[in-house]
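Biologist: I have a structure open and I want to learn how to read it. Could we start with how helices pack?

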Amino acid sequence: MSQVKDESIRLIDLLMIGIGCATMAFSLVFFNIANNLADGGISGITLIIRALFHLDPAYSTILINAPLLLIGYRFLGRQSLIYTIYGTFMLALFLWIWQRVPFAIDLHKDLLLASLAAGLTGGLGSGLLYRYGGTTGGTDIVARIMERFYGIPMGQTLLWLDVVILLISLVYIDIPHMAYTLIYSYVFARLVNFTQEGAYAARGTIVVSDHYQEITDSIMDELQRGVSLINGEGGFSHRPRQMIYVVVAPSELHRLRQIISRHDPKAFVSVINVNEALGEGFSFARPKKSFLSKFKP
């Protein structure tokens, strides 16, 4: 029996997408527009249109995305289409609202502060939007079409579209403002990645040792972490080996190294960055350790 994909619309998704759009719009109005910083994607195009034709970005966001949604609806599932339409309208709505709020953030004309603030708030908002399944349409749809018909990876298309849009932005900003826009873009991208990766980052560790049982027992006893034993084979000796796989919090990595070294100083250890760890011991039912346990020998 084929697995049915979950296309249900969840209230928590809509709420977080709305918060993400509100944060993105806030960043665009109070940091990008207020300090004459450009942007990539559809937001960048709306800023170009604003500078050249004085059209409110709230309206141009809808005008640009409407035909793209009509063209790309067949490439979006039901949930994705609804979330994209909702995200587009929420972004436009909050752009309209924030521009009419009698409020300003005085950064004393410091473009570095402005670019950092824009990257932090905009990246946080966009990361929330993507984390809960939303998009604001635009270049994402174009990238999906290019991948579908021409086999060009979405990331590559999005990168080149951003480059073109930023270059066109030079019609209304100068080189120094473009330099600060690049700083903003870097911080923005980092915050998007951080937000999408989740709060429960961890370290995955693979240990190869003849003393695997002693190491396993100590990990479960002292760190209270689950351990998996993987059947392996030496590439040179072709001897069967037991490999240990355990996921720990970053703060527990030093303690784990001590445990391994105590039982086998020559053990082979590979540490892997785990972007997100969900389940018992991480996102719920975390093991409680007393403060004094950190000082056990």
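Modeller: Keep in mind that this is a predicted model. Start with the residues that touch. M16, I17, I19, G20, C21, T23, M24, S27, F31 and N32 in α1 meet a set of residues in α5. On the α5 side these are A114, A117, A118, T121, G122, G125, S126, L128 and L129.

Biologist: How many residues of the contact of α1 with α5 are nonpolar, polar or charged?

Modeller: Eleven are nonpolar and eight are polar. None is charged.

Biologist: How do I describe two packed helices?

Modeller: Use the angle between their axes and the distance between the axes. Here, helix α1 covers residues 11–33 and helix α5 covers residues 111–131. They pack at an angle of about 160°, and their axes are 7 Å apart.

Biologist: What does that angle say about α1 and α5?

Modeller: Angles over 145 degrees count as roughly antiparallel. So α1 and α5 are roughly antiparallel to each other. The crossing of α1 past α5 is left-handed.

Biologist: Now the sheet. What is the order of its strands?

Modeller: The order is β2-β3-β1-β4. This is an open sheet of four strands, and the pairing is antiparallel.

Biologist: Which strands are at the edges?

Modeller: Look for strands that pair on one side only. Those are β2, residues 228–233, and β4, residues 268–274. From one strand to the next, the twist averages 25°.

Biologist: How many bridges join β2 and β3?

Modeller: Six, in the antiparallel sense. Strand β3 spans residues 240–248. For a residue pair, find L229, which stands opposite I244 in β3.

Biologist: Which helices should I look at beside these strands?

Modeller: Take α9, residues 212–223, which packs on the sheet. Helix α9 touches β1 (202–208), β2 and β3, and its direction makes about 15° with that of β3. Then take α10, residues 253–263, which lies across β1, β3 and β4. Helix α10 runs at about 10° to β1.

Biologist: Last, a single residue. Is A58 buried or exposed?

Modeller: Check the relative accessibility. Buried means under 20%. A58 has 4%, so A58 counts as buried. You will find A58 in helix α3, residues 57–72.

Biologist: Which residues is A58 in contact with, leaving aside its neighbours within four places in sequence?

Modeller: A92, L95, W96 and Q99. A58 and W98 are 40 residues apart along the chain, and their C-alpha atoms are separated by 10.0 Å.

Note on methods: Residues numbered from 1 in each chain as written. Predicted model: local features only at pLDDT ≥ 70, side-chain atom pairs only at ≥ 80, totals over all residues. Heavy atoms only, no water. Pairing = 2+ DSSP bridges. Helix = DSSP H or I, 4+ residues; strand = E, 2+ residues; numbered from the N terminus. Axes fitted to C-alpha atoms, helices over the stretch in contact; angles between N-to-C directions. Contact = heavy atoms within 4.5 Å. Parallel < 35°, antiparallel > 145°, perpendicular 65-115°, else oblique. Left-handed = near helix turned anticlockwise from the far one by under 90°. Nonpolar A, V, L, I, M, F, W, Y, C, P; charged D, E, K, R; others polar. Buried < 20%, exposed > 50% of the residue type's maximum accessible area, 1.4 Å probe, protein only.
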